[in-house]
2 protein chains.
Amino acid sequence: MYKEKLRESFKVYDEIVLKCFCGIFIGAIVAICEVVFGKGLEWILNFREHMGCVMLVGLPFAGLAIVFLFDHWGRISRKGMGLVFEVDQGKSDWIPLRMAPFMVVSTWITHFFGGSAGREGVAMQIGATVSHYFGKYFRFKNSGVIFMVAGMAAGFAGLFGTPITAIFFALEVLVAGTLKYRAMSCAIPASFTAAYVSGLFGLHKSTFKIGNVAELNMELSIKLLVLGILFGMVGGLFAYFLKHTKAFVTNKITNPYKRIFMMGIIVAILLFVFGKCRYSGVGENLIVGSFTSEKIYSYDWILKFILTILTLSAGFQGGEVTPLFAIGSSLGVIIAPVFGLNPLFVASLGYCSVFGAATNTFLAPIAIGMEVFGYQYFPFFFVVCAISYIVNQNESIYALQRQVRE
Amino acid sequence: MYKEKLRESFKVYDEIVLKCFCGIFIGAIVAICEVVFGKGLEWILNFREHMGCVMLVGLPFAGLAIVFLFDHWGRISRKGMGLVFEVDQGKSDWIPLRMAPFMVVSTWITHFFGGSAGREGVAMQIGATVSHYFGKYFRFKNSGVIFMVAGMAAGFAGLFGTPITAIFFALEVLVAGTLKYRAMSCAIPASFTAAYVSGLFGLHKSTFKIGNVAELNMELSIKLLVLGILFGMVGGLFAYFLKHTKAFVTNKITNPYKRIFMMGIIVAILLFVFGKCRYSGVGENLIVGSFTSEKIYSYDWILKFILTILTLSAGFQGGEVTPLFAIGSSLGVIIAPVFGLNPLFVASLGYCSVFGAATNTFLAPIAIGMEVFGYQYFPFFFVVCAISYIVNQNESIYALQRQVRE
């Protein structure tokens with residue numbers, strides 16, 4: 001009986017070692033893809049900024065090109081993140097390899113012409129697609145989903161350089177309320193490898209200093225409670241409005257060409273009128289502005305909020321996470337004086353908790369706060385992210401996210 | 001439709017606010033119970049140490065008293081932690097209020113006569129019992145389990161003074177592989193309140209300084225990997241041997257009086273022969289020794305390991321967590337030179353990861369490492385605890401823990 005038990009143990013360990021090596025391999029491959037995507041995007045964002053607002057003129061036409069691309073060659077890859085969720089739920093059984101280049105190119109196009117969107121959606125889709133492809137060659141239990149989760153972690157870590165956040169996010173985002181523990185032994189090496197490799201090629205995480213914070217006493221706890229509720233509602237509303245705006249415009253204008261063209265015109269005009277392209281791109285300018293001495297306007301967060309929702313509802317590609325960071329941190333800076341707190345500190349709380357509330361995740365936002373601002377702020381991130389997770393009412397920017405809150 | 005949605009929202013928020021206030025109430029009540037238990041235990045442990053090994057003579061007779069106590073008045077409360085798991089799984093529907101005092105007294109007796117056991121099991125059972133009792137007066141969905149989880153968090157936080165660890169532990173321990181998110185809004189205020197209130201009465205968390213640690217490079221990563229595997233196996237084996245030793249002695253000696261008396265004699269002799277009561281008590285001496293300049297012997301961890309398992313298998317009461325901290329940290333100190341690492345640092349890794357592997361939890365051990373040794377070591381705790389969680393093979397000291405590793 002003991003021999004039997006030992007033999008079984010070794011079989012389990014064999015599988016763990018195999019998953020671990022697969023993870024390293026996936027991490028390296030995905031990281032290289034992320035470097036291409038990230039470096040390309042960096043160049044495009046700089047170029048667009050250098051050109052000023054003139055590129056906005058092309059936005060509606062760029063939209064037509066994106067729809068045409070997916071319509072003629074993209075097939076089911078147009079589903080994007082939705083497809084990743086479907087694979088997890090067993091509703092689809094493959095992710096076409098072409099999804100990665102299609103998403104990359106359409107996101108590049110979106111940002112080249114000044115749309116307001118993110119990049120992490122694409123990063124994770126690259127990871128999921130590439131790793132799912134390799135997963136076909138390995139047959140262990142749930143290998144499809146395990147590889148996909150590892151790929152998502154590698155994608156997030158490769159682009160943002162935050163391996164622990166990437167692991168938590170990939171483990172918890174697919175089914176709200178649970179963690180995909182089975183994928184851990186593959187996702188952890190994948191994520192650390194990806195962060196390491198993409199670091200070699202010059203993709204580094206952004207870090208910001210927020211200075212000293214008071215001790216966690218009763219007064220500060222109450223302030224954190226209120227901030228958690230506020231950020232949780234903003235994140236929840238972002239998810240809510242994104243879903244409903246998408247549904248609304250899809251209903252009103254059923255032809256995707258017409259929809260993206262008309263919406264493209266509206267978005268381009270709004271982006272020009274409000275802030276002269278201040279709200280184009282991923283929102284890095286607002287994030288950096290929040291943590292330096294640059295001016296942040298009281299309406300920055302709401303304009304970024306609206307314009308990102310409109311850009312994505314139109315059918316442009318990208319993601320939501322970096323804009324969410326921007327919304328959270330610029331809102332934080334503005335409301336900090338009301339609470340008599342250090343603006344950088346409140347901005348950091350907004351940075352992570354709005355992201356958590358909008359994606360309906362709890363551990364990833366705590367981890368991103370720690371990896372970007374410093375581990376010593378853990379209790380503050382814990383409290384605020386927990387509260388905003390509780391009040392977000394299970395809204396999520398990922399429409400297909402299953403929810404099991406036991 | 002929007003009005004409907006708003007009304008629903010308010011109903012949800014009403015419930016959250018209610019749970020939150022219940023949590024504060026539970027936290028305060030449970031904390032006071034923990035103060036009584038903890039202060040009493042402190043006095044007993046000091047007294048026993050002062051008396052030397054003479055108290056061991058009474059251990060077999062103390063065992064008889066414990067069995068008699070539960071046999072005549074304890075009823076189903078003898079199930080202890082098992083009952084908590086049964087309530088969660090719907091197999092039992094109540095925890096008798098008497099379980100709290102019975103567990104407290106039997107643990108006091110165990111430690112008064114020099115047994116080797118912990119205290120956290122009792123702490124959480126006090127919390128679960130008291131809060132479950134109040135849960136009857138509130139009727140919302142799953143209120144029984146939600147109150148119980150909040151009580152467990154409060155119990156752990158009240159005794160150890162580590163609120164965030166307590167929250168994670170209570171949320172994840174009942175069903176390995178999932179988190180009881182529904183209980184968050186009650187468990188978080190309960191846990192912070194309990195830590196605060198018990199702090200007012202002089203129960204504080206232990207903290208230790210471990211100094212500077214090298215950067216997380218390739219070489220250190222490999223060392224952490226090996227350490228994670230080692231600690232994971234030690235924790236897993238602790239759970240494995242506890243389960244099987246319990247089953248073995250229960251089979252061999254079916255009469256509980258005979259069992260605890262005979263085992264009590266053996267344990268008392270072993271405790272005297274090996275180290276003259278060095279391995280009696282919760283193991284605080286080994287923990288403090290590991291993080292100061294006191295001598296730690298190479299066999300300390302294995303003797304604590306064996307004697308704790310024997311004490312608990314005999315039928316004495318207490319818990320396993322503090323002994324696990326002691327086993328992990330004293331093992332860490334001993335093996336640190338092999339890896340060329342700071343002994344305090346390796347001890348801290350052992351402290352949390354052996355606990356995680358034995359209880360089959362992942363987030364609580366990371367949090368305890370951060371709350372006891374400092375938040376800045378987060379990445380190290382993350383890596384080592386993740387690895388030991390992966391290699392522990394789902395063994396758990398809680399025999400009734402359900403396991404859902406998706």
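B:K39 forms a salt bridge with B:E42, with 3.9 Å between the closest N and O atoms, a salt bridge being a side-chain nitrogen of Lys or Arg within 4 Å of a carboxyl oxygen of Asp or Glu. The model is a predicted one, in which local features need pLDDT of at least 70 and side-chain atom pairs count only at pLDDT 80 or more, whereas totals for chains, interfaces and linings use all residues. Residues are numbered from 1 along each chain as its sequence is written, chains are lettered from A and ligands numbered from 1 in the order in which they are written, and side-chain values use heavy atoms, with hydrogens and water left out.

B:K39 and B:E42 both belong to helix α1 of chain B, where they stand three residues apart, about one turn of the helix; helices (H or I, at least four residues) are DSSP runs, numbered from the N terminus. B:K39 is partly exposed at 33% relative accessibility, and B:E42 is partly exposed at 39%, where buried means under 20% relative accessible area, exposed over 50%, and partly exposed in between (1.4 Å probe, protein chains only). Another salt bridge in chain B joins B:K19 to B:E15, whose closest N and O atoms are 3.7 Å apart. These two residues are separated by about one helical turn because they are four residues apart in helix α1 (residues 2–51) of chain B. Here B:K19 is buried, at 6% relative accessibility, while B:E15 is partly exposed, at 32%.

In chain A, a salt bridge between A:D300 and A:R278 has its closest N and O atoms 2.6 Å apart. This pair links distant parts of the chain, 22 residues apart, with A:D300 in helix α12 (residues 300–314) and A:R278 in the loop between α10 (256–273) and α11 (284–290) of chain A. A:D300 is buried at 0% relative accessibility, whereas A:R278 is partly exposed at 22%. Over all chains the count comes to twelve salt bridges.

The two chains can next be considered together. Chain A is superposed on chain B by a rotation of 180° with 0.0 Å of shift along its axis, at an RMSD of 0.0 Å, which is the relation of a two-fold axis; the copies are superposed by least squares on the C-alpha atoms of residues with pLDDT of at least 70 in both. Of the interface residues of chain A, 100% are also interface residues in chain B, so the copies meet through the same surface. The contact, meaning heavy atoms within 4.5 Å, takes 44 residues from chain A and 44 residues from chain B.

Chain A and chain B bury about 4200 Å² between them, 71% of it on carbon and sulfur atoms, where buried area is the accessible area (1.4 Å probe) that two parts lose on being put together, summed over both. Elements that give two or more residues to the side of chain A that touches chain B include α1 (2–51), α9 (218–252) and α16 (378–391) of chain A, and the largest share, eight residues, comes from α16(A). Across the interface of chain A and chain B there are zero salt bridges.

Finally, B:T359 lies in helix α14 (residues 343–359) of chain B and is buried, with a relative accessible area of 0%. Residues up to four places away in sequence not counted, B:T359 touches B:F169, B:V173, B:S396, B:I397, B:Y398 and B:Q401.
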